[in-house]
Each structure stands twice: as structure tokens, then as C-alpha cells.
Amino acid sequence: MIYSKEVQEMCQVAKGPNHGPAPIPEEGKWVKAKEIADISGMTHGIGWCAPQQGACKLSLNVKNGIIEEALVETIGCSGMTHSAAMASEILVGKTILEALNTDLVCDAINTAMRELFLQIVYGRTQSAFSEGGLAIGAGLEDLGKGLVSQTGTLFSTKAKGARYLQLTEGYITKQYLDADNETCGYEFVHMGKFMDAIKKGVPADEALKKVTGTYGRTTAEQGAVKFIDPRHE
């Protein structure tokens with residue numbers, strides 16, 4: 001280590017109090033974190049790329065400084081899905097410091113990693129007060145039984161109004177309108193459950209009926225006058 005001439009010529013002053021770092025909440029414990037291995041927690045964060053063309057939701061489950069589980073969800077950019085595939089292989093097994101300084105292929109994923117790092121090292125994780133933290137695999141619970149990301153895709157114009165394309169329930173097939181021509185309900189297909197049924201050998205027509213549902217007012221008795229195909233009408 002090199003000291004400047006000014007520092008070399010200074011007299012020694014003894015250091016007094018040394019209180020150490022403030023404790024942060026981690027998985028139901030208060031921890032004075034001094035090393036990367038002192039950090040644990042499960043949390044989520046959002047990242048975006050420079051042109052803000054797409055976004056990434058990243059979920060990490062960290063145990064003793066190591067990323068044991070990663071859930072990478074993206075929206076808005078087709079190329080980002082492939083970046084997410086690579087990032088999912090890159091992230092697990094690394095320390096959170098390694099992951100912070102690793103190219104995760106896409107700026108949106110890198111930004112999400114930065115935001116998560118801040119949450120994790122400051123003790124602001126979702127599992128901060130959960131004794132023992134969350135089990136590896138907890139990230140999948142966010143997706144539900146169909147293991148499909150919760151996405152919403154809505155499009156509207158002043159001239160023609162709103163079109164419901166994708167909601168939490170699934171792929172929208174019909175958009176119901178009332179007497180005032182306002183949206184009053186919709187029909188949806190849960191794609192995750194649909195694919196599960198197909199894999200089990202259920203005929204497509206039968207599977208489609210089983211996973212098709214409605215929300216809101218969708219019958220004449222409820223005030224629905226007509227429906228439109230939101231993608232083509």
C-alpha cells in the first residue's frame with residue numbers, strides 16, 4: 001500500500017469506538033453482516049433497459065451469500081426472453097457480489113440484479129422476518145399452478161377504445177359489451193392449464209372447454225349485449 005508524503009508525516013492518533021455494522025433483518029434473525037456469506041433472503045426486483053423497450057422481474061433466493069434459486073420473467077422484448085434463458089443458467093451458484101458484477105446478457109436483467117442487490121444487502125428482502133426464510137422453490141409459487149407468469153396486455157385507441165388481450169386469468173378470447181357499448185366482461189383460456197391437459201392426452205377441443213372461463217357480466221341476463229374478438233374486431 002502506498003501512502004502520500006503528507007500522510008507519512010502525520011502523527012498517529014488512536015482509533016476509539018468500533019461499534020461495527022448495524023444489524024439487518026434476515027430470515028427472522030438480526031445479523032451484523034460483514035461478509036457476503038452473512039447475507040440470506042428471498043426477494044424480487046424490477047429492471048429495465050436503456051431504451052426502456054422491455055422490463056425484467058427477477059426473483060432470487062439467497063442462502064449464505066449464494067444464489068440458490070432464480071426466477072427470471074420478462075416482458076416487452078422478444079430478444080430478452082433468450083437473454084433470460086442464459087441468465088437463468090448464469091445466476092445460480094454465484095455469490096450475490098459475483099452476480100452483480102457478471103454480464104447477465106440483457107441490460108434489463110442487469111438492472112434488476114442491481115435493484116435486488118440493494119434490497120438484499122440492506123435487509124429489505126421479502127423474507128426478512130420469516131424464520132428460516134423461504135424454501136428453495138418458493139419462486140415458483142408466484143406463478144401459480146399453471147407455472148405461467150402473471151402478465152397483462154391491454155391495447156386501446158381513442159378512436160376504437162380498449163381491447164383486452166391477456167390478463168391474469170389467461171388469454172382473452174371474447175370481450176363482452178353492454179348496451180352502452182362498454183366492456184362488462186370477458187372470456188379467457190388459461191394457457192398453462194390447457195397445455196398441461198394436452199400433455200396428459202386430453203383432446204384439444206375437450207381441454208379447451210375445461211380451461212375456458214368467464215369474468216364479469218357475460219350473459220344477456222347480466223346485461224351483456226354482444227361480444228367481440230379483441231384481436232380482430
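Q: Is R114 exposed or partly exposed?
A: R114 is partly exposed, with a relative accessible area of 41%. Here buried means under 20% relative accessible area, exposed over 50%, and partly exposed in between (1.4 Å probe, protein chains only). By the way, this is a predicted model: local features need pLDDT of at least 70, side-chain atom pairs count only at pLDDT 80 or more, and totals for chains, interfaces and linings use all residues. Residues are numbered from 1 along each chain as its sequence is written, and side-chain values use heavy atoms, with hydrogens and water left out.

Q: Which residue does R114 meet in a salt bridge?
A: The side chain of E115, at 2.7 Å, N to O. A salt bridge is a side-chain nitrogen of Lys or Arg within 4 Å of a carboxyl oxygen of Asp or Glu. E115 is partly exposed too, at 25%.

Q: How many salt bridges does the structure hold?
A: There are 8. One of them joins the side chains of E27 and K63 (2.9 Å, N to O).

Q: What does the E27 and K63 pair tie together?
A: E27 lies in the loop between β1 (24-26) and β2 (29-31) and K63 in strand β4, so the pair ties together parts that are 36 residues apart in sequence. Strands (E, at least two residues) and helices (H or I, at least four) are DSSP runs, numbered from the N terminus.

Q: Are E27 and K63 buried or exposed?
A: Both E27 and K63 are buried.

Q: Switching topic, which residues of helix α5 are buried?
A: In α5 (residues 191-199), G192, F194 and A197.
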